[in-house]
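These are my notebook entries on a structure that I examined entry by entry. I record below what I looked up.

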Amino acid sequence: GSIHARAGEAVNLNSSQQLSRVLFEKLQLPTQKKTKKKTGYSTDVDVLTALAEEHELPAMILRHRSLAKLKSTYTDALIGLVHPGTGRIHTSFNQTMTATGRLSSSEPNLQNIPIRTEEGRQIRQAFLPEEGWVLLSADYSQVELRILAHLSEDPLLIDAFLKEEDIHTRTASEVFNVAPDRVTPELRRQAKAINFGIIYGMSPFGLSRQLGISQKMAKTYIDHYFSRYPGVRAYLDRTVEQARIAGRTSTLMGRIRLLPEINSSNHNQRQFAERTAINTPIQGTAADLLKVSMIRIDERLRRERRRAAMLLTVHDELVFEVPPEEIDAVRAMVQEEMEGVQALKAPLKVNLAQGHNWAEAH
């Protein structure tokens with residue numbers, strides 16, 4: 001209703017032709033880019049996001065789109081998947097779907113329930129444990145960066161984790177050459193993009209796009225990072241070189257991923273394989289650690305005859321439902337097993353949260 005009012009007419013929000021007519025002809029907003037078939041002007045997310053700064057209608061349309069997606073993907077779909085006998089939703093976990101070794105979740109996929117937005121949190125509030133029980137979530141804190149510190153043996157990176165410093169603030173301090181207490185939220189955000197970019201083998205082009213800076217600037221940031229963390233640079237070079245010789249890469253626990261494209265004459269294929277050679281030992285090791293933790297926790301729950309149950313794995317996190325009288329014991333046990341699954345040079349750390357629904361336990 002309010003969108004139609006703002007547009008001054010009833011407009012079909014699923015028709016990009018009607019939308020582009022209203023936005024670009026009627027409201028005379030600056031056109032951005034053509035559609036793929038060049039038949040008109042695009043109204044995709046990027047375009048609407050750019051236009052939202054000029055006018056509130058594109059912002060309203062974006063919001064409507066995200067709500068419509070939440071409604072169709074989650075609220076409508078999930079209600080239809082409640083099992084009539086148990087009154088619960090049962091997902092399937094797939095062992096062999098992902099290349100990195102993580103479990104994936106399907107029908108429904110419970111690993112992509114949104115978290116960042118208020119609406120996403122409202123959807124999570126609908127997930128409840130057994131009556132009177134507690135949901136417990138345990139997630140590895142920055143597990144991939146800790147694995148990178150372990151594999152690269154970079155003294156600065158290891159030191160930051162041993163001192164339990166905020167790693168993104170520490171990196172911002174190193175890369176931008178400011179005292180840690182002078183690091184602004186914006187500098188920390190940029191350092192975070194660099195930290196994670198390094199794990200994924202990101203190029204200056206990729207970083208420049210993510211931070212909205214020039215490629216030259218992005219290259220300076222990356223060079224600066226490597227001059228402060230030379231162990232990481234050496235590790236990345238070594239990893240790609242070994243993958244080139246062996247045609248494969250492997251995790252800390254020895255799970256192998258073949259990389260035949262690493263010597264391809266096709267630049268894009270080769271680059272993708274190089275990024276995979278860097279990321280698989282990191283993300284794949286994180287997946288291995290979580291799976292071994294799951295096996296050990298399962299054994300402990302059985303051995304101690306607990307009523308608590310392990311429900312979900314979501315990336316670096318496990319979710320349990322626990323009767324109130326077991327919560328202290330189960331919290332301690334989960335933390336002990338997850339943190340002790342493997343001794344790393346940058347020790348593993350687990351964050352625990354509990355609540356009466358999935359939004360609270362986060």
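I began with the second largest pocket and sorted its lining by class: 17 residues are nonpolar, 5 are polar and 1 is charged. I note that the model is predicted. The volume of this second largest pocket is about 640 Å³. Its lining has 23 residues, and those closest to the centre are Arg88, Ile89, Ala126, Phe127 and Leu128. Helix 4 (56-80), helix 5 (118-125) and strand 6 (309-314) each give two or more residues to this lining. Helix 4 contributes the largest share, 4 residues.

I found about 770 Å³ of space in the largest pocket. Its lining counts 26 residues, and Arg116, Asp139, Tyr140, Phe196 and Asp316 are the closest to its centre. By class, I recorded 8 nonpolar, 9 polar and 9 charged residues in the lining of the largest pocket. Helix 9 gives the most to this lining, 3 residues. Strand 3 and helix 6 each supply at least two.

Is strand 3 enclosed or open? I found 6 of its 7 residues (134-140) buried, so the strand is largely enclosed by the rest of the structure. Strand 3 runs antiparallel to strand 7 (residues 317-322), with 6 bridges between them; there, leucine 136 has phenylalanine 320 as its bridge partner. Strand 3 also pairs with strand 8 (residues 350-355), again antiparallel, over 6 bridges, and leucine 135 stands opposite glycine 355.

I located serine 152 in helix 6 (residues 143-152). Its relative accessible area is 7%, so serine 152 counts as buried. Its side chain reaches the backbone oxygen of leucine 148 at 2.8 Å.

How values were computed
Residues are numbered from 1 along each chain as its sequence is written. This is a predicted model: local features need pLDDT of at least 70, side-chain atom pairs count only at pLDDT 80 or more; totals for chains, interfaces and linings use all residues. Side-chain values use heavy atoms; hydrogens and water are left out. Buried means under 20% relative accessible area, exposed over 50%, partly exposed in between (1.4 Å probe, protein chains only). Two strands pair if DSSP finds at least two bridges between them. A polar contact is a pair of N or O atoms within 3.5 Å; within protein, one must be able to donate a hydrogen and the other to accept it, and residues adjacent in sequence count only if both atoms are side-chain atoms. On a 1 Å grid over the protein atoms alone, a cavity is a set of points where a 1.4 Å probe fits but cannot get out, and a pocket is an open set with protein on both sides within 12 Å along at least five of seven lines; lining residues have an atom within 4 Å of a point. Grid points are joined across faces, edges and corners, and a volume is the space filled by probe spheres set on the points. Ala, Val, Leu, Ile, Met, Phe, Trp, Tyr, Cys and Pro count as nonpolar, Asp, Glu, Lys and Arg as charged, and the others, Gly among them, as polar.
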